Amino acid sequence: MPLSPVPADSSPSEATLTVDELSARVGMTVRTLRFYAGRGLIPPPVRRGRVGYYGPEHIARLDLVRELQAHGFTLSAIEGYLDRIPKDATPQDIALHRTLLTPWMRDLPETLDRTALVRRTGRELSDDDIEMLVALGVVEPTPDEDVFQVATAHLSLGVELLDLDLPVDAVLDITRIFHEHGRALAEELTDVFRAKVWPHYRASGGPPEHIQQLVERFKPVTIQGLVLAYERAVGETQRDTIRRTRTKPPRR
């Protein structure tokens, strides 16, 4: 979905669209726009006499709402997200939120029945295999029998782990470790991004499309950095284990 072009700054004088013109511009019905305004998702229009006018800030916020909806956010979650954006945020700031959001969002899961899941993995799946995929967080059961929510982007990795024939309790421990340390890493990297990377991108003055390209490159670079750090740590741990084994006094 293309970004709507918005200027770097806006003022009430730039609010020139009637609600009907805004509806045509963003592809939403007037009823939807008024509903969103009632929920506080967009600010009130600028009044000139009896007519309300909308401008770049309204367009930017509506684009962000649509992006969040496309990623499965509920209306309440969207309200919470928008509440954290300063009221004096410019359209450029809001567009940057949207630009930075997309590359970091996980792909939405697909709903697959067991037959489709088998076809997608290219192998038969026993009940134990399904249990393992659930433990890995790749597959989630639904209220319907043999119908699952599947993180298809991670399905191939899940199948590779099935081939390792690991015990389920080990997989649960591994998943817990990844989740706990992954969450801590994500929080720290997010702090760095907000404090140093985000201001740098904003100061660059580039259009949202250019900033999005930079952010899309930033994500795989950080992931590769994490992989390299993990590989280095595993090597160091193995060497330490070997050294301890060699220096351990023999049993008598």
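A search of the whole structure finds nine salt bridges, a salt bridge being a side-chain nitrogen of Lys or Arg within 4 Å of a carboxyl oxygen of Asp or Glu. Side chains of opposite charge can pair when their charged atoms come close. The model is predicted, so local features need pLDDT of at least 70 and side-chain atom pairs count only at pLDDT 80 or more, while totals for chains, interfaces and linings use all residues. Residues are numbered from 1 along each chain as its sequence is written, and side-chain values use heavy atoms, with hydrogens and water left out.

One of these pairs joins Arg-120 to Glu-110, whose closest N and O atoms are 3.2 Å apart. This pair links distant parts of the chain, since Arg-120 lies in helix H6 (residues 114-121) and Glu-110 in strand E3 (residues 110-113), 10 residues apart; helices (H or I, at least four residues) and strands (E, at least two) are DSSP runs, numbered from the N terminus. Arg-120 is partly exposed, with a relative accessible area of 42%, and Glu-110 is partly exposed too, at 31%. Here buried means under 20% relative accessible area, exposed over 50%, and partly exposed in between (1.4 Å probe, protein chains only).

Another salt bridge brings together the side chains of Arg-114 and Asp-127, at 3.0 Å from N to O. Arg-114 belongs to helix H6 and Asp-127 to helix H7 (residues 127-136), 13 residues apart, and Asp-127 counts as exposed because its relative accessibility is 55%.

Asp-129 pairs with Arg-123 in a salt bridge whose closest N and O atoms are 3.8 Å apart. Asp-129 counts as buried at 15% relative accessibility, whereas Arg-123, at 26%, counts as partly exposed.
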